[in-house]
Amino acid sequence: MCGIVSYIGYRPAYDVLIKGLKRLEYRGYDSAGLALIDNQGKLNIYKAKGRVSDLENTIKNQDCIGTVGIAHTRWATHGEPSVKNAHPHCSQSGHLTLIHNGIIENYTSIKQHLLEKGFTFKSDTDTEVLVQLIEYKMLTYDLDLVEGTKSALKHVIGAYAIVVLDDRNPSQLVAARKSSPLVIGIGEGQEEYFLASDVTPIVEYTDQVIYLDDERIAVIERGKDLYISDLENHRQIPDIQRIDVELGQIEKGNYSHYMLKEITEQPRVIADCMRGRISPDRKHIILSAVIDYGYLLVKAKRIIIVACGTSWHAGLIGKQLIEEFCRIPVMVEYASEFRYSNPVVGPDDVVIAISQSGETADTLAAVELAKEKGAFIFGICNAVGSSIPRATNTGCYIHVGPEIGVASTKAFTGQVTVLTMFALALGEKLGALDQAKYEEVIAELVTIPEKMKQTIERNEVVKKLSYVFTYARNFIYLGRGYAYPVALEGALKLKEISYIHAEGYPAAEMKHGPIALIDKEMPVVCIATSNGQYEKVISNIQEIKARDGRVIAIVSDSDTQIRKIADDVIDIPSTIECLDPLLTVIPLQILSYYVAVLKGLDVDMPRNLAKSVTVE
Ligand code: F6R
């Protein structure tokens, strides 16, 4: 939530910052702003409510000169979206400017203290309090920007990634982070540096980056070595890494939306996710984390999966896979609930944290808590170098490439693919899975990318249906067993980008209450492949039809019965039950996409949302 980008070097900073903000816009799009120091050393600040394009329009006739600057795109936490609350924020003297991603939890008491010292405030944000506190420390204790920032941060409770600029010293940027991400890009000969919330604004200029560690401060000066330390001045040698993201991966190309691009990419990226992890004879899963830590994983008395949103839905499928193949009991917890529930967790537990961004604040906090209590932590993440994988004991990346559309699509199928391989590898290690089943699932898994492709090729059927349902006010999604989490995920996709109220239920739960909602206005999406409890799902569909509900069924090609009773059917290639979610979710992603497009909504930037939820 909130994207920050900064530049110091020899290029026109404005171009780097605006392009960077556009790449980070998925993190928040309530308002945007930037600060530049021009060639005469004058600080200029530009802000606009709304999108980065609104900021561009606001400043289009101005010069925007300068080779150093900081910029921000906001997802509002404290203070409504407005120009006044947009970042960068300035100190009282006007010399310091700061951008911030995160939340200063104790900002009220700091603000009170500063008010008593005569400071005045222009915005309602927690961020302004921080920049004023830095100035207060500098003035009161005669400190420079670096020491003033360190001193201020020692008083801060909360999460932050910040960059501060002092117009009296325009050749220096000071950055710091705690629980919010910050990446530093190093240009050729250290003549330029880039800072950003993730690598996407940096990838075009350099592939050398440092993922700033938690609770570190960095002093960045053109032409000089970086100075990184903790708040107590213990210097840290920077760990320079190569970015493995290419420009093409973060651009929309010919697609109208990132979401459509990412849905369409699934066959390829799921093949990438499996690459090198299935033996050439297709008889073994090779997950290095399971090989290296297998001796520990096999001792797990219980596995606890922690995640949020779509990743939590993937976790529900993971539970079924692990219980089926490993016979270890699995609990799936919302990370936000887990961390505040005084959880019973300890050294006998393995905690699996699932997160696309690797930055979700609640999931990260759940990981820290479980680690403190002695559990072994396994991460399943997408964003390489992000905070969660760095906080875990080991794990597997899903390797589906950057996901930029706010609605998660390919990350879900990547997570389910990794969970499948994890369950197979561990099940085999434990001897809980017979060899024939192990080989059968692997053989079928290998066919999934091609079947995903066939599923996507049939998207015209789904597109036609979306015309029919564009103006529906409610939707119900039903599934049993492996299909139930897919029902939840289908409902979430529709809600978040189409703004249509939708509920996912286990199909058999209908008759315990929700069936009262069924009438001829109510579309009911039934995930009803020929696997699992097929006959029972047919009965559930009959119950809906008997009450005039309109049934849209996702069925296997081989289906003969449901197509006779459902109002509409979407065919998908047949596979085995545990792999069904990898295919059944695709028409649901496509349905929500086209409904949102037909409603004229902004698919990639749905209202109120932001990708990467770095606040609680
Ligand atoms: C839904 C969606 C969110 C995320 C959730 C967790 O489409 O994207 O529900 O799944 O915010 O995010 P990660 O996986 O980054 O931890």
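Strands here are DSSP runs of E with at least two residues, and helices are runs of H or I with at least four, numbered from the N terminus. The model is predicted, so local features need pLDDT of at least 70 and side-chain atom pairs count only at pLDDT 80 or more, while totals for chains, interfaces and linings use all residues. Residues are numbered from 1 along each chain as its sequence is written, and side-chain values use heavy atoms, leaving out hydrogens and water.

**Exercise 1.** Work out where arginine 177 sits and what surrounds it.

*Solution.* Start with the strand: arginine 177 belongs to β8, residues 172-178. Next, check burial (under 20% relative accessible area is buried, over 50% exposed, partly exposed in between; 1.4 Å probe, protein chains only). At 3%, arginine 177 is buried. Then look for neighbours in contact (heavy atoms within 4.5 Å). Leaving aside residues up to four places away in sequence, they include Tyr160, Leu182, Asp213, Asp214, Glu215 and Arg216. Last, the arginine 177 side chain comes to 3.1 Å from the backbone oxygen of serine 180.

**Exercise 2.** Trace the pairing from β12 to β14.

*Solution.* Pairing takes at least two DSSP bridges between two strands. First, β12 (residues 216-221) runs antiparallel to β13 (residues 227-230), with four bridges. One of the bridge pairs joins arginine 216 to aspartate 230. The hairpin has five residues between these strands, and glycine 223 there has a positive phi near 80°. Now move on: β13 also pairs with β14 (residues 235-236), antiparallel again, over two bridges.

Key: A polar contact is a pair of N or O atoms within 3.5 Å; within protein, one must be able to donate a hydrogen and the other to accept it, and residues adjacent in sequence count only if both atoms are side-chain atoms.
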